[in-house]
Amino acid sequence: MTETAEKDTHRTGYDFVVVANRLAVNGVTASDGSTGWQRSPGGLVTALAPILASSGGAWVGWHGAADETLEPFDHDSMHLHPVPLSEEEVEDFYEGFSNGTLWPLYHDVIARPLFHRHWWDAYKRVNQRFAEAAAAVAAEKATVWVQDYQMQLVPQMLRDIRPDVKIGFFNHIPFPPPGLFAQLPWRHPVMKGLLGADLIGFQRESDAKNFQRAVRDRLGFYIKSDRVYVPLEDEAAAPLEGFTADPARGTAPRQLSAPADGTFRPSEATAFPISIDTDRIVELSNNPKIISRAAQIRAELGNPETIFLGVDRLDYTKGIRHRMKAYEELLQQEKLQVGKHTMVQIASPSREGVESYQRLRDEIELAVGRINGEFDTMGHTAIRYLHHSYPVEEMVALYLAADVMLVTALRDGMNLVAKEYVAARRDGTGVLVLSEFTGAADQLRQALLINPHDIDELKAAIVQAAVLDQEDARKRMRSLRRQVVSHNVQRWAEEFMHRLHQL
Ligand code: F6P
């Protein structure tokens, strides 16, 4: 692009730009074979779409198909700017570095992260492409909000091209303790990539503190009250070189006092726990069709006394095996009985090209087969296992049908399923068993909190949930609902944007 053309684009570009690995729409094929786009159902899109619509915003992201280049288009009052990925980049950037290196490393090394240099090269290349796409659509002094771990280099790369824009970043997954993060051969460039943002949001206080400690220990930057003082000298010396090397070989000398004015750029790293589109879930839970679908689900399961529900992406972070182990032992010990009790496990297909996900699917399906083979009767099942994704209407019907929601993640940035279950239980019934290793546990303190690694504790919580005194259950659910109803995803987005503009 010539300099003049570039300037024109800045003048006429978009004042608010979201950058995320996935575009905000999914391709759909109608029954007559025609194709089109549908807004993605997730909370993030729901929260940001109105801001995009009112501020003339654009969304930069990958549309989900490899080796396909699409022209930008408008849909649902949003400007969509697709970024193409080749088949090889899907393997190396998405399945590889994002989900074979960062995902396991950031989730407490539950699975072994793989460190491949060609994956890192693809990650840099793709992040640069996203940064350039954002730079091309952003108006002069626009606000750009970069989302999640697949895009950690984008803030600094974008700042290098467009120093005039305001940059926010939000990490939807945990940020690991410094000792684990230190394993990453490219820890320095990742930290510097993130510090390109004016505001870096994390799910939990502990994630923000982990990031700050890594920056303080490894880069030596001065930090006070969540504000990182990024030396301008450092940024100017080698803005891009920082993406190729780990110059300090470990740690850097710590700056012990705030640098002089004019020698640093502030970058704030702080917690903004995300939430759900509470109104939508509440509205659906009030819909007579969905209420009768819930009754139908219960009837189809043989009207058991207690339905336990698990809803997860089929991911090793979710603790599905731990949940099943606890449930199997309770059946063996006759503390639970098929017919009286049943478990529904929704495991939506995810990242099926990644080997650790393929192995997990085999293990889970082996366990389900074994448990059902041993405990099923002609009329009743121990576990109704469904390897599908469902529309939100069916999910809400399941939330209404389930007496107990089991969230047993070994590590989870937030866990929105826990919040959706609470939002759906308008009548104050239902019990949430919640892993303390989820971001949601920081806010949903009245759930039955468990350590999923402690199978005996998990078993005790499952039994307790099944027999919990109604008054106790209602008291807990009332308190949980107060939290979820007053903190929806719209409020999360507003608070983040408000802080970003204050800075
Ligand atoms: O939790 C992080 C996240 O990226 C979510 O934003 C997303 O819904 C999920 O993981 C699955 O992501 P993907 O299918 O793009 O790998």
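The model is a predicted one.

Nine residues make up the surroundings of the ligand, namely Arg22, Tyr94, Trp103, Asp148, Tyr149, Gln150, Ile173, Arg313 and Arg351. Sorted by class, this shell holds four nonpolar residues, one polar residue and four charged residues. For arginine 22, a polar side-chain atom is found 2.8 Å from an oxygen atom of the ligand. For arginine 351, the distance from a polar side-chain atom to a ligand oxygen is likewise given as 2.8 Å. For aspartate 148, an N or O atom of the side chain sits 3.3 Å from an oxygen atom of the ligand. On its own, the ligand has 400 Å² of accessible area, and the protein covers 65% of this.

Spanning residues 470–486, H17 has 17 residues and extends 24 Å from its first C-alpha to its last, close to the 24 Å expected at 1.5 Å a residue. The buried residues in H17 include Ala473, Met477, Leu480, Arg481, Gln483 and Val484. Because the buried residues of H17 fall within an arc of 160° when seen down its axis, they line one face of the helix. The face turned away from the buried side of H17 carries the exposed residues Lys475 and Arg482.

Two residues are worth a look for their backbone angles. Most residues other than glycine have a negative phi. Lysine 141, although not a glycine, has a positive phi of about 60°. Lysine 141 belongs to strand S7, which covers residues 138–147, and with 66% relative accessibility lysine 141 counts as exposed. Glutamate 334 also has a positive phi, near 60°, and is a residue other than glycine. The setting of glutamate 334 is the loop between helix H12 (320–332) and strand S14 (341–348). Its relative accessible area of 61% makes glutamate 334 exposed, because the cut-off for that class is over 50%.

Leucine 366 is placed in helix H13, residues 355–375, and is exposed with a relative accessible area of 62%. Between the C-alpha atoms of leucine 366 and glycine 179, which are 187 residues apart along the chain, the separation is 35 Å. Proline 163 lies in the loop that joins helix H5 (154–161) and strand S8 (166–170). At 59% relative accessibility, proline 163 counts as exposed. Proline 163 and proline 113 are 50 residues apart in sequence, with a C-alpha to C-alpha distance of 34 Å in space.

Definitions and conventions. Residues numbered from 1 in each chain as written. Predicted model: local features only at pLDDT ≥ 70, side-chain atom pairs only at ≥ 80, totals over all residues. Heavy atoms only, no water. Near = heavy atom within 4 Å. Polar contact = N/O pair within 3.5 Å; in protein donor to acceptor, adjacent residues only side chain to side chain. Areas by Shrake-Rupley, 256 points an atom, 1.4 Å probe, with all protein chains shown as cover. Nonpolar A, V, L, I, M, F, W, Y, C, P; charged D, E, K, R; others polar. Helix = DSSP H or I, 4+ residues; strand = E, 2+ residues; numbered from the N terminus. Expected span 1.5 Å × (residues − 1). Buried < 20%, exposed > 50% of the residue type's maximum accessible area, 1.4 Å probe, protein only. Arc of directions from axis to C-beta.
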